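Open the model in your viewer and keep the selection tool at hand. The stops below cover salt bridges and then disulfides.

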Amino acid sequence: MQLRTETCVRVWCGVLLVLAMAGLTTAAPAMLPSGWSSRDIGLVGTRGQALNRGGTFVLRGAGTSIGDRSDSFQFAYRLLRGDGEIVARVSNVAGDSAGTAGVMLRESLLATSRFVYVRAGAGTSVFQQRGAVTASASVNATAEVARTGTLAADERRTTSSIAATRARTTTTSSPTSSPSTSRQAVTRPDPDAASRTSSSLPSPSSAVPATPTAEARTDSRPIETGNQQVTSEFVRLIRKGNRISAYRSADGVSWTLVGSEEVPMASTIHAGLVVVSPDTGDLVTATFENVQVTAGNVSAPAPQMPPALTAPPVVTPLTVNPAPPAPVTPAPEPAPVPQPAPTPEPPPAPEAPPAPEPPPAPEPEPTPPSTDPGTTVRLLQWNIHRGIGTDGVLNLDRIAQWIAAINPNLISLNEVADQETADAIHLLVEQRSGLTWWSTFSGWGNQILTRLPVQSASVCGFNPGAGRLAAHVSAVAGSRLVNLWSAHLAVDSGGTRAAEILALQSCASQWPEGRLMAGDFNMQASSGEYSVAAASYVDAWDAARALGATINFSGNCDGCTRNSRIDYVFASQGAWWLRIQSAQVFDTRDANGDMASDHKPMLVIYEVH
């Protein structure tokens with residue numbers, strides 16, 4: 001076995017060198033806050049990204065449009081349930097092209113989803129939406145309103161009361177100005193400049209897949225700062241029921257109403273930050289500060305009248321050489337009428353002493369969590385088969401219920417269909433567990449969720465030519481750092497799997513201990529590629545079996561996660577402080593014998609020392 005391992009390592013060293021020269025790792029240089037995610041919406045041409053630096057969001061994105069039939073832009077977002085608001089200060093927009101930035105409430109991550117968007121500008125705010133049921137809007141003197149009523153073809157909603165596709169630009173620079181229906185640039189008076197020109201509305205673009213394609217490139221050119229379009233403006237969207245209102249402010253204190261529409265959307269929506277470039281080949285960089293997403297009943301600010309619409313001062317007319325007024329003789333005052341003597345009021349009755357207030361009810365003591373995420377790592381590995389069970393039914397909530405019952409604090413999922421599915425799983429797991437989770441999605445089927453504090457994340461392209469990208473998270477357990485990669489290896493070739501394992505290990509070598517790899521490896525423990533994996537990593541099931549700490553269920557073969565043992569968790573040999581406690585395969589069959597997925601979930605518990 002030792003000779004075989006050495007031979008495998010020598011054979012694949014050359015493969016590793018080729019993979020490393022091809023540049024197969026893509027690391028995210030900064031972490032978004034817990035609960036936040038980012039992605040490109042629609043066909044953007046050049047892949048964007050979102051970072052967070054000391055509480056300041058920096059988005060780089062391309063795309064071409066927001067509105068009309070479909071959208072394409074970079075979006076950083078978090079989920080918002082029910083009523084609430086998003087507020088942000090757009091402090092800078094820069095790039096080769098005249099890009100725009102703002103805040104958005106969006107029903108889904110489809111390019112054709114319903115949305116409401118307010119963008120920031122130097123004295124000009126644009127309010128756009130898709131899916132409104134009314135045609136009215138309130139705008140100020142420096143606001144444009146563009147409406148697009150086209151709905152996604154796959155949205156199952158009643159559309160009888162929803163307007164068909166419509167778009168218009170309205171200016172109210174004076175009380176007598178008439179609306180303009182032109183989509184060309186509109187020039188209007190501005191109190192801060194001689195004139196400003198607003199960008200024309202984008203042309204329609206075709207609907208596109210929601211997930212990024214392998215051909216999308218990442219522009220690595222330095223950020224251009226010469227073309228700056230925005231210098232510090234607050235923008236705000238408030239949702240109350242179906243009514244969504246947009247506001248702008250120069251200081252974040254006094255707010256001006258930009259527009260308000262009835263836009264029916266699902267209870268849980270995406271609230272986030274937007275940057276878009278008019279050119280798919282150019283990345284525009286936008287900086288957002290003071291970002292807040294607040295759920296619940298938010299009080300709308302008292303809107304301030306914009307300068308161009310304030311009432312003119314009252315002027316008293318003057319007359320020249322006025323004639324002296326005629327003398328006025330006062331009329332004689334009538335004689336006073338005698339009044340009856342007042343009846344004395346009875347003295348007031350003595351007030352009863354106030355009743356004593358009841359003592360305050362004692363506050364319930366907080367319930368401690370069932371596990372301490374700081375001293376143990378409870379890692380769940382599960383190929384969820386896109387949420388489709390052995391009964392052929394797609395049921396993501398069934399997956400979430402099992403996750404909540406198993407109670408992990410670190411999760412590796414494979415065969416997650418797309419970003420929208422990953423978001424739905426994230427939401428359902430939070431609902432079922434009653435806990436807050438952080439989530440990341442590789443874009444190609446692999447998702448990680450965790451309750452451990454997250455420091456950073458990245459994506460490892462361990463076989464990008466075949467579209468195989470591993471999700472990675474660096475999290476803190478106790479006083480230790482844990483780096484986890486979630487991957488799904490090739491199914492058709494042991495040689496390909498061995499090369500992919502070496503590429504994964506190459507990605508991991510760039511990060512400190514301890515290193516964990518989990519996923520559907522599609523290999524047997526007797527195979528050559530398993531020897532490559534086990535040369536420097538420890539198989540968790542094997543380690544637990546040696547301790548007599550494996551837990552299986554009746555009728556299931558030893559550690560089998562499908563028809564055989566093909567799902568694995570490996571820990572690097574250098575992570576001596578990660579000590580295996582147990583490993584368990586769960587039986588998810590219901591009363592009819594149907595499982596939630598064609599794979600069985602496996603939980604590995606490590607003690608952190």
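Predicted model: local features only at pLDDT ≥ 70, side-chain atom pairs only at ≥ 80, totals over all residues.

Is Glu 430 buried or exposed? Its relative accessible area is 15%, and because the cut-off for buried is under 20%, Glu 430 counts as buried.

Arg 81 and Glu 430 form a salt bridge, with 2.9 Å between the closest N and O atoms. Show the secondary structure: Arg 81 belongs to strand β6 (residues 73–81) and Glu 430 to helix α3 (residues 419–433), so this pair ties together parts 349 residues apart in sequence.

How many salt bridges does a search of the whole structure find? The search finds 20. Two further ones are worth a stop.

Select Asp 539 and Arg 565. Their side chains meet in a salt bridge, 2.9 Å from N to O. Asp 539 sits in strand β29 (residues 537–539), while Arg 565 is in the loop between β30 (550–551) and β31 (567–572); the two are 26 residues apart, and the pair links distant parts of the chain. Asp 539 and Arg 565 are both buried.

Next, select Asp 558 and Arg 545. Here the N to O distance of the salt bridge is 2.8 Å. Asp 558 is in the loop between β30 and β31, and Arg 545 is in helix α6 (residues 540–546), 13 residues away. Asp 558, at 42% relative accessibility, is partly exposed. Arg 545, at 35%, is partly exposed as well.

Which residues do salt bridges with shared partners join into one network? They are Asp 539, Asp 542, Arg 545, Asp 558 and Arg 565.

Clear the selection and turn to the cysteines. A disulfide is a covalent bond between the sulfur atoms of two cysteines. The structure holds two disulfides.

For one of them, select Cys 460 and Cys 507, which are joined with an S to S distance of 2.0 Å. Where in the chain do Cys 460 and Cys 507 lie? Cys 460 is in strand β25 (residues 454–463) and Cys 507 is in helix α4 (residues 494–508). The two cysteines are 47 residues apart, and the pair links distant parts of the chain. Check the torsion: the link of Cys 460 and Cys 507 is right-handed, with 80° about the S-S bond. Cys 460 is buried, with a relative accessible area of 1%, and Cys 507 is buried at 4%.

For the other disulfide, select Cys 557 and Cys 560. The S to S distance in this disulfide is 1.5 Å. The link of Cys 557 and Cys 560 is left-handed, with -120° about the S-S bond. Cys 557 is partly exposed, its relative accessible area being 35%, whereas Cys 560 counts as buried at 5%.

Technical notes:
Residues numbered from 1 in each chain as written. Heavy atoms only, no water. Salt bridge = Lys/Arg side-chain N within 4 Å of Asp/Glu carboxyl O. Helix = DSSP H or I, 4+ residues; strand = E, 2+ residues; numbered from the N terminus. Buried < 20%, exposed > 50% of the residue type's maximum accessible area, 1.4 Å probe, protein only. Disulfide = S-S within 2.5 Å.
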